[in-house]
Amino acid sequence: MTKSSRLLPAFGLLVLAAILLAFPFAASGYQIYIINLVLVWVVMSLGLNILMGETGLFGMAHVAFYGIGIYTTGLLTNNTGVPVLLAIFMAGCLAALIGFILGVLSIRMNDIYLGLSTFAFGEAMQWVFHNWDAVTKGVNGLRISPTTFFGWRIDSDFRAYFVALGIAVAFTVGAVVLSRSRFGRAMRAVRESEPAAAAVGINIRRVKVSAFAISAFYAGCAGGLITIFTSYIHPDTLGFNTTIVILTMLVVGGMGTIPGAIIGAAAIGVLSEFLRQAADRQEMIYGFVLVLFMVFLPDGIYGRIRHAWRRWSAS
Amino acid sequence: MDLSTALIFLQQGIISGIVIGSVYALIAISAVIIFKATDIPNFAQGEFMTVGAFLSLVLLIPTFAGLPYYLVIPITAVVCFLLGVTVNGLVMQPITKAKGTLVAMVIATLGISFIIKGAARYSGLANSPRTFPALFSTDAIFIGDSVLTGQDIAILVFAVTAMLVFFAFFNLTRHGRAMRAVAMNPRAAALVGINLARVRMTIWGTSALLTGLAAILIGPKLLLTPDMGIIAIVAFAAAIIGGFHNLPGAIIGGFIIGILENLIGAFVATNAIRLTPFVVIMLVLLIRPQGLLGGKAQVKKV
C-alpha cells in the first residue's frame, strides 16, 4: 500500500471519530437513545456475524445469550456492588460458557439441523426466562436500577452514550483483530469446506466451539450494555423474533463482513424505531425486507458497495 | 394420583395424542416433501396453515361470505395451492436462478413466514375471538374411558388417507418418482428430461394445499391467532424424530410428539407442554441426528 492510500482511510477514521464524539452534544435525547440502541445492535450483529458470517454456522439462539447477559448484569448491579463494566464482563463470560456448551453439543450437526436445534435451544431459553420467576421475575419483568461508572452516575442517555460507544468500538476492534488473525482464517476455512480445512490441519471442533462461545460472549455483553440505559426488561422481547431482527441486520448489511454488520445494525435499528409507530405492520415489513434482499441483494448493502468498488477500481 | 386416575389420563392422553399427532404428521409430511425435493426446511410451513385457517374462516362465517362447507374446502385448497406456487415462483426460483445459497433460501422462507404472519395480524381478523364452525359433529364418542368427537375421527381419517395417498404417489407413480429424482440429484434429473421447474412448482403447491386443508380440519380445535403457525415447529420436531427425509418417519414422529405432549400435560404441568417439542428436537438431534427411523447419518457432501 502506498503512503497516500493509507492516508485516506486513516483520515476517514479521524473524521468518523470526531463525528461520533461530537454527536451527543448536538442531538436530542431521543436521538441519542436511538443511537445507544444501535450500538447495542452493533455488538449483537458483530457477534452473530462471527458465528454465521465467518464460520458459517446457522446459530439461531443468539437472543438467548443476549437475555442471559441482560438478566445477569441486571441482577448483579441490582443486588451487589459489582462495578458495571465487571458485571457486563461476567455476564458475557456466563453467556460464553453456555455458548460453549451449546457448541459442544452441536458439534455433530450441520446446517439445517444445527439451525433447528439452536432455534429449539433459543425457545427453551425464552421459556426459562418466562418461568424462572425466582431469578427473572417471569412475566412481571425485571426492573433495573441505574448504575455508576467509576463513580460517575449514568442516569441519562447522554452519559450512557459514551460508555456504549466505548464498548461498541472495543468490540468492533476485537472483531477486526479476530477476523484478520489466523483464527479468523481458520473460521472462514471451516465455513468454505470442512474436509479441506481438516486436511490442512485445522481443528474443526475447536473452531466451531470457539465460534459459539465468542459469539455468545458478544451477545451477552450486548445484553449487559443495554441494562445501562434501560430500566426494565421483559422476556417477551427475548424470543425468536429478535434473533430474526439481528439476522435481518446481517442480511441487509452484508453477511460475513464487519462493515456490513455495522451498516445493517444501523439501518435496521433506525428502521425498527420508525416502525414502532406502525407496530402492526412491523412484521410484514421485516419479512419483505428479508425476502427482497435474498432475491435481489443477497450480499447485502456492503456486499453491493464492495462489488461496485472492485469494478470501479479495476476499470 | 392413584393408579385408576393415572390410567384414565394415560388412555385419554394417548387417544388425544393420536388425533393431534395426526395433524402434526400432516404438517410434517408437507414440510418433508419440500425438503426432499429442494433441501430447504420451509419455515413458512406453519404460515401456510395460518392462511388456510384464516381464509376458510372468512369464507365460512356469515359475517363475511357465509359459504357452505362444500364450497369452502375446494376454494381454500385452490388458493393454498396457488400460494405455494407463488412462493416458489416469485421467491425460490429466482434465488435458485441467481445461484443463491441454501442459507439464502431458508432465510427467504423465514421472510415469507413473517410477511404472512404480519399480514394476518394486520388484517385484524384475529382481534375478536371467533369460533370456527366444525364440519363434523362435536358430540362425544366414548372409546374405553376416553372421549373422542366426530371431528377428531375425521381428522384421523383425513390424515391417514393423505399419508397413504402420498406414499403411493411417491413410490408408485412416475410423477412421484420424478420428484424423488429431483430431490436426490437435480442435475441428473434434468439430464433425464425431468422438468425441474414444474416439479418444484407442484411440490410447493401440494405442500401448501395439504397444510391448508389440515387447517380446515384442525380449525375448530385451535385458537385462531396470527401466531398459530408456531405449530409448524412441533411438526418439524416430528419430522426430525422420523429423520427429515423420511415420510413414514414423519408420521410416526407426529404421533409420538402428540402423545408425549398430552402425557406431559397430564402428568407434569400444562406449562411444560410448550417446552416439549423443543426439548425433543434438541435431544433427538443430539443423540441420533438422523432421527429414530432415519438410515445412516447423512454424509455431508463436499
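Biologist: Which helix of chain A gives the largest share of the lining of the second largest pocket?

Modeller: This is a predicted model, in which local features need pLDDT of at least 70 and side-chain atom pairs 80 or more, while totals for chains, interfaces and linings use all residues. Residues are numbered from 1 along each chain, chains are lettered from A and ligands numbered from 1 as written, and side-chain values use heavy atoms, without hydrogens or water. A pocket is an open set of points on a 1 Å grid over the protein atoms alone where a 1.4 Å probe fits, with protein on both sides within 12 Å along at least five of seven lines; lining residues have an atom within 4 Å of a point. With helices taken as DSSP H or I runs of at least four residues, numbered from the N terminus, the largest share, 6 residues, comes from helix 11 (residues 240–253).

Biologist: How much space lies in the second largest pocket?

Modeller: Volume here is the space filled by probe spheres set on the points, which are joined across faces, edges and corners. For the second largest pocket that gives about 1,500 Å³.

Biologist: Which residues are closest to its centre?

Modeller: The lining has 48 residues. By class they divide into 22 nonpolar, 15 polar and 11 charged (Ala, Val, Leu, Ile, Met, Phe, Trp, Tyr, Cys and Pro are nonpolar, Asp, Glu, Lys and Arg charged, the others polar). The closest to the centre are Asp236(A), Thr237(A), Gly239(A), Asn241(A) and Thr242(A).

Biologist: Which side chains meet in a salt bridge between chain B and chain A?

Modeller: The count between the two chains is 1 salt bridge (Lys or Arg side-chain nitrogen within 4 Å of an Asp or Glu carboxyl oxygen). At 2.8 Å, N to O, the partners are Arg121(B) and Glu283(A).

Methods: Helix = DSSP H or I, 4+ residues; strand = E, 2+ residues; numbered from the N terminus.
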